[in-house]
There are 2 protein chains.
Amino acid sequence: MNFQQLRILQEAKRRDFNFTEVANALFTSQSGVSKHIKDLEDELGIELFERKGKRILGLTPPGQQVQVFVERIVADMQNIRRVAENFANQNTGQLVVATTHTQARYALTKVVAEFKQRVPQVELALQQGSPQEIAQLLIRGDADIGIATERLTEMEDLACFPFYEWHHAVIVPNGHPLLQVVELTLSEIAKYPIVTYQEGYTGRALINKAFADCNLSPHVVLSALDADVIKAYVELGMGIGIVAPMAFDAKKDSDLKMLDCKHLFATNQSVIAVKKDKYLRGFAIELIQLCNAGLSTEHIRFAVEGATN
Amino acid sequence: MNFQQLRILQEAKRRDFNFTEVANALFTSQSGVSKHIKDLEDELGIELFERKGKRILGLTPPGQQVQVFVERIVADMQNIRRVAENFANQNTGQLVVATTHTQARYALTKVVAEFKQRVPQVELALQQGSPQEIAQLLIRGDADIGIATERLTEMEDLACFPFYEWHHAVIVPNGHPLLQVVELTLSEIAKYPIVTYQEGYTGRALINKAFADCNLSPHVVLSALDADVIKAYVELGMGIGIVAPMAFDAKKDSDLKMLDCKHLFATNQSVIAVKKDKYLRGFAIELIQLCNAGLSTEHIRFAVEGATN
DNA sequence: GATGCTTACGATACCCGTAAAGATA
DNA sequence: TATCTTTACGGGTATCGTAAGCATC
C-alpha cells in the first residue's frame, strides 16, 4: 500500500471511475493507474471496483468502506504539508476563499484589503460559486475557507463561525409610488413585479418564506445571481428589487432609493465555514479573525481540529 | 512522502527517539531510518526532530503537530487492512481483548465460550493488564477491545459501552465473628484487618472512598491483583477480604462465606471500551454484543466511527 | 470503430542494507 | 571508549511510461 494508490482510489471516485481521466488528473499513465489498483486489490485480497469485463462500474461494498479512510488519509497528508509550509514560510502561500458574489463584492472588500496589507505575500484566490458549490469545494479540500449566507451550517463536515447578520432591503427607482407608503408591508411590496436573487443565493429562501408565511405569491419577473444585475434591471423599470443592503451605495446608485425592511424579512446569518479536521495555516486564521474579531485562535483551532475527538 | 517514513516517525516517538531501536522495531536498518527522516525533512522543508549535533532530543514544534496527523494516517491504514480482512475472510482473524484479571477470570468466561462457539476460527487473545495499561494498549492500537471497571470512561479517545454493574462483597473464613453481626456496617468491617485489591484495580478506589466518607481508616494488611490471591490469604486467616462477588463460588470456596454489602459500597460499572475511529471487524462487534445484548451493530459503529464528524 | 482497461517490457529512480566516518556522553 | 547518527555506495526492486492486446459500447 502506498500513497499513490490511495490518491488513485480517491481520484477514481471523483472522476466517475474513468481510469484514463484519473491518469491525466494525476499526471501519470493509464497503465500505471490500472496496475496500482490491481496491486492494491491483490494486497488487500478483495476487489475494490465493481467490474463488468473490462468496464468499471463503481465501488464494491468493501471498496466504499475503504474509500472513507482513503479520503481521510489523503486529507491528512495535505494537513502535514500545510503544517510544514506554515513553519517553513510563515506568511507565504496560497489561500483559497470560496464565496458568493455578494460576499466577494461587498462584505469582503475591507477584509481582503486589510488581509493583503498584513500578509502581502499570500496569494489570495476568491473562488466564486453557489453555496452548494462552496460546500463541495470545502469538503473536497479545494478551498480553505468558505463564506456564504446559506446552507453551510447544515453540513455535518463543516465547522462554522458567525460573520455578520443582515436583512434584505427593497430598492426602487426614484419617484416610485412605494416611496410614498408610510408603513411598508409585504402585501404592499407584492403588488409590484419583483427582481431578486436566484434560488439558493443570498437568502432567497428567506424571501420566499416571508411571502409564503403571509400567503402572498409575489410576481418575480427576473431572478439573478448578483445585486449588480438586479439593480440594473430595477433602473430599467422592470420592477422593484429585493437585495442585500450592503449592495446599495447611495452615491453610485443615485437613480435608486433603498427602503429599509428589517421588520419584514427574517435575519440572514452570513457564516465563515471550514472543513473539519483541516489544518489551518496561520494566515487562514488571520483572515477568519478579520471577519470576526471576537474569535480567538484557540477557539477556531478547537472547533476545526478538536472535533476529531 | 511515503508510508514507511510516517511509520518511522510514529515509532521514533514511541521509542524515545532512538533510531537504532526504531530500525529494529520496523525490521530495517539504522541508516535507512536516518535517511528516510532526512528525506522527509527535506521534502517538507522543516526539521521534525530537535537535534544537538548528532543526538536526537525530541520533536520540534512543527514535528509535534505533524505527529498528530501521522498517528491518524497509520491508524487509518490499519483500518483499511481490517476492512479488507473483514470481507476477505469473514470469520477468521485475530481479536485482542485487553482486560483485567477479574474480568478475564470471572465475567468473561461465558462470553468467551459463546464467542468461540460462534466463530471458532478467530484467534482470541486475552491480554491482561491494569486499567491504565489497557487504555494504553487500546490507544496505541495494540488491542481491539478493552474491558475493565475503572478509568476507561474518562479517556477522551475511547468509546465506552456499559457491560454490567456490581458491588463489592466481604468474604470471611467460616466461623468469623462478622457472621453474627445482624446489620453490617463499614465501621464494623474496619475493625478487622483487610485483604483486598491493589490501587487502580477492580474498583479499589471506591472501597477507599467508602471508608474515607465515613472517616474510617481501615487496616489493609495485604493488597493483591486478583481475588484468587485475596481468597487464599483470607483462608489463611490474615484478615477479611473485600472482593468482587463474581469471584466467590459457594461450592469451591467452602471454607469461606460471602457477606452482601450492596448498601455499603458504591456501584461499580464495568465497561467495554474501543478506540474511537477504529474500524471494528464483524466478530469484534459480535463479542461486544455478547457482553451487552442491548447494543445494536449500528449503535456501536456510530459511537466508534461516527465520532469522526 | 472508438473508447477504455489490461498486460508486457524496458528504463529509470527509489529503497534498502553494509560499511565507514563523525559526533556525543 | 561505547553508543548512536550521518554519509557514502552498490545491489535489488518497484515504479513509470510506451506500446501492444483486447473487451465493451
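A backbone N or O atom of A:Phe17 lies 3.4 Å from a phosphate oxygen of DNA strand C in this predicted model, a polar contact being a pair of N or O atoms within 3.5 Å. A phosphate oxygen of DNA strand C is also reached from chain B, where an N or O atom in the side chain of B:His36 is 2.2 Å away. A base oxygen of DNA strand C, in turn, lies 3.4 Å from a polar side-chain atom of A:Arg55.

The elements that give two or more residues to the surface near DNA strand C are helix H2 (19-25), helix H3 (30-44) and strand E2 (55-59) of chain A, together with helix H3 (30-44) of chain B; helices (H or I, at least four residues) and strands (E, at least two) are DSSP runs, numbered from the N terminus. H3(A) provides the largest share, four residues.

Around DNA strand C there are 23 residues, of which A:Ser34, A:Lys54, B:Thr28, B:Ser31 and B:His36 come nearest, a residue being near a strand if one of its heavy atoms lies within 4 Å of it. Of the atoms of DNA strand C that come within 4 Å of the protein, 71% belong to sugar and phosphate. The residues of this surface divide into four nonpolar, twelve polar (Gly is counted here) and seven charged (Asp, Glu, Lys and Arg).

Residues are numbered from 1 along each chain as its sequence is written, and chains are lettered from A in the order in which they are written. Because this is a predicted model, local features need pLDDT of at least 70, side-chain atom pairs count only at pLDDT 80 or more, and totals for chains, interfaces and linings use all residues, while side-chain values use heavy atoms, with hydrogens and water left out.

Terms used:
Polar contact = N/O pair within 3.5 Å; in protein donor to acceptor, adjacent residues only side chain to side chain.
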